[in-house]
Amino acid sequence: WKSELSYIQGPPGTGKSYTISALILSAIYLKKKILFVSHKEAAVKIVKDMIDDLLGKESLLYIGTHINTKK
């Protein structure tokens, strides 16, 4: 929590989604604001589903558009 910005990257199966979910949960606990963005919709969905399972479907705000709907 000493940096204002964090960047997490790595190959599949290295625990990125779990790490990001843990950071989001700790931010919520500490009453901090957090913005999670990704180029990949699947990555956002995995993290959102993890948080939804723990805190309920209304705990996060998801803003985006499905790639297939863009022209």
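Okay, helices first: here they are DSSP runs of H or I with at least four residues, numbered from the N terminus, just as strands are E runs of at least two. What we're looking at is a predicted model, where local features need pLDDT of at least 70 and side-chain atom pairs count only at pLDDT 80 or more, while totals for chains, interfaces and linings use all residues. Residues are numbered from 1 along each chain as its sequence is written, and side-chain values use heavy atoms, with hydrogens and water left out.

Let's start with Ser21, which sits in helix 1, residues 16–29. Buried or exposed? Ser21 counts as buried because its relative accessibility is 5%; the cut-offs are under 20% relative accessible area for buried, over 50% for exposed and partly exposed in between, with a 1.4 Å probe and protein chains only. So who's around it? Setting aside neighbours within four places in sequence, Ser21 is in contact (heavy atoms within 4.5 Å) with Val47, Met50 and Ile51. Also, a polar atom of the Ser21 side chain lies 2.8 Å from the backbone oxygen of Ser17.

Now the loop between helix 1 and helix 2, and helix 2 is 41–55. Lys31 is in that loop, and at 76% relative accessibility Lys31 counts as exposed. Most residues other than glycine have a negative phi.

Lys33 is in the loop too, and Lys33 is exposed, with a relative accessible area of 84%.

Methods
Polar contact = N/O pair within 3.5 Å; in protein donor to acceptor, adjacent residues only side chain to side chain.
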